[in-house]
Amino acid sequence: MFEKLVDIIVNYVEVDKADIKPESRFMEDLGFTSFDFMSMLGEIEDELDVEIEQEKAADIRTVGEAAAYLETL
C-alpha cells in the first residue's frame, strides 16, 4: 500500500519517490496544500475503490498513517 501511495503522491508534489518515507508529513515535509491533499484523497478513492471518511482524513499527517488507514478499508 505504501508504494501505491507514493506513486499517487508524486502526481501532486515535486518530490523524488526515494525521498518519501513513512514518517514524511504531507504538509510540512512534502509541501502539500489542503487542496492538494483533498484532491489526492479523491484520486485514492477512485483508484482503490474505497471511501475515505473525512473525519479520519483530517487526522492523517504522515504517509505512513495514510497507508495504515488505507489498509484497514
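1. Start with Glu23. In this predicted model, Glu23 sits in the loop between α1 (2–9) and α2 (34–48). Its relative accessible area is 56%, so Glu23 is exposed. Beyond its neighbours within four places in sequence, Glu23 is in contact with Asp29 and Thr62. The contact with Thr62 spans some sequence: Glu23 and Thr62 are 39 residues apart along the chain, yet their C-alpha atoms are 5.6 Å apart.

2. Next, the core. The largest nonpolar core has 21 residues. Leu5, Ile9, Phe26, Leu30, Phe32 and Met40 touch the most other members. Helices α1, α2 and α4 (63–71) each supply at least two residues of this core. The most comes from α4, which gives five residues. As a general point, nonpolar side chains tend to be buried together in soluble globular proteins.

3. Ile9 deserves a look. Setting aside neighbours within four places in sequence, Ile9 is in contact with Ile20, Phe26, Leu30, Phe32, Met40 and Val63. Ile9 is also one of the buried residues of α1.

4. Which residues of α1 are buried? They are Leu5, Val6, Ile8 and Ile9. Viewed down the axis of α1, these buried residues fall within an arc of 160 degrees, so they line one face of the helix. Their cover includes α2 and α4.

5. Helix α4 can be read in a similar way. Its buried residues are Val63, Ala66, Ala67, Tyr69 and Leu70. The arc they cover around the axis is only 165 degrees, which puts them on the same side of α4. What do the buried residues of α4 pack against? Their partners are α1, α2 and α3 (54–59).

6. Now the charges. How many salt bridges does a search of the whole structure find? It finds three. One of them joins Glu47 to Lys4, with the closest N and O atoms 3.1 Å apart. Glu47 lies in helix α2 and Lys4 in helix α1, so this pair ties together parts that are 43 residues apart in sequence. Glu47 is partly exposed, at a relative accessible area of 46%. Lys4 is partly exposed, at 33%.

7. Another salt bridge runs from Asp7 to Lys17, where the closest N and O atoms are 2.7 Å apart. Asp7 belongs to helix α1 and Lys17 to the loop between α1 and α2, so the pair ties together parts ten residues apart in sequence. Asp7 is partly exposed at 34% relative accessible area. Lys17 counts as partly exposed at 46%.

8. The side chains of Arg25 and Asp29 also meet in a salt bridge, at 3.0 Å from N to O. Arg25 counts as partly exposed, with 37% relative accessibility. Asp29 counts as partly exposed too, with 40%. Recall that Asp29 is also a contact of Glu23.

9. Check Glu43. This residue is in helix α2. Glu43 is buried yet has no salt bridge. Where is the nearest side chain of opposite charge? That side chain belongs to Lys4, 7.0 Å away. Lys4 does form a salt bridge with Glu47. Not counting residues up to four places away in sequence, Glu43 touches Ile8, Asn11 and Tyr12. Among these, Ile8 is a buried residue of α1.

10. Last, the aromatic rings. The whole structure holds three aromatic pairs. In one, the rings of Phe26 and Phe32 have centres 5.2 Å apart and planes at 90 degrees, so the pair is edge-to-face. Both Phe26 and Phe32 are buried. In another, the rings of Phe32 and Phe37 have centres 6.4 Å apart and planes at 80 degrees, so this pair is edge-to-face as well. Phe32 is buried at a relative accessible area of 5%. Phe37 counts as buried at 7% relative accessibility. Ring pairs link Phe26, Phe32 and Phe37 into a cluster.

11. Phe26 and Phe32 are among the residues that touch the most other members of the largest nonpolar core. Ile9 is in contact with both Phe26 and Phe32.

Key. Residues are numbered from 1 along each chain as its sequence is written. This is a predicted model: local features need pLDDT of at least 70, side-chain atom pairs count only at pLDDT 80 or more; totals for chains, interfaces and linings use all residues. Side-chain values use heavy atoms; hydrogens and water are left out. Helices (H or I, at least four residues) and strands (E, at least two) are DSSP runs, numbered from the N terminus. Buried means under 20% relative accessible area, exposed over 50%, partly exposed in between (1.4 Å probe, protein chains only). Contact means heavy atoms within 4.5 Å. A nonpolar core is a set of buried Ala, Val, Leu, Ile, Met, Phe, Trp, Tyr and Cys residues joined through side-chain atoms within 4.5 Å. The arc is that of the directions from the helix axis to the C-beta atoms. A salt bridge is a side-chain nitrogen of Lys or Arg within 4 Å of a carboxyl oxygen of Asp or Glu. Lys and Arg count as positive and Asp and Glu as negative; His and the chain ends are not counted. Rings of Phe, Tyr and Trp (its six-membered ring) pair if their centres lie within 6.5 Å; planes under 30 degrees apart count as stacked, over 60 as edge-to-face and the rest as tilted.
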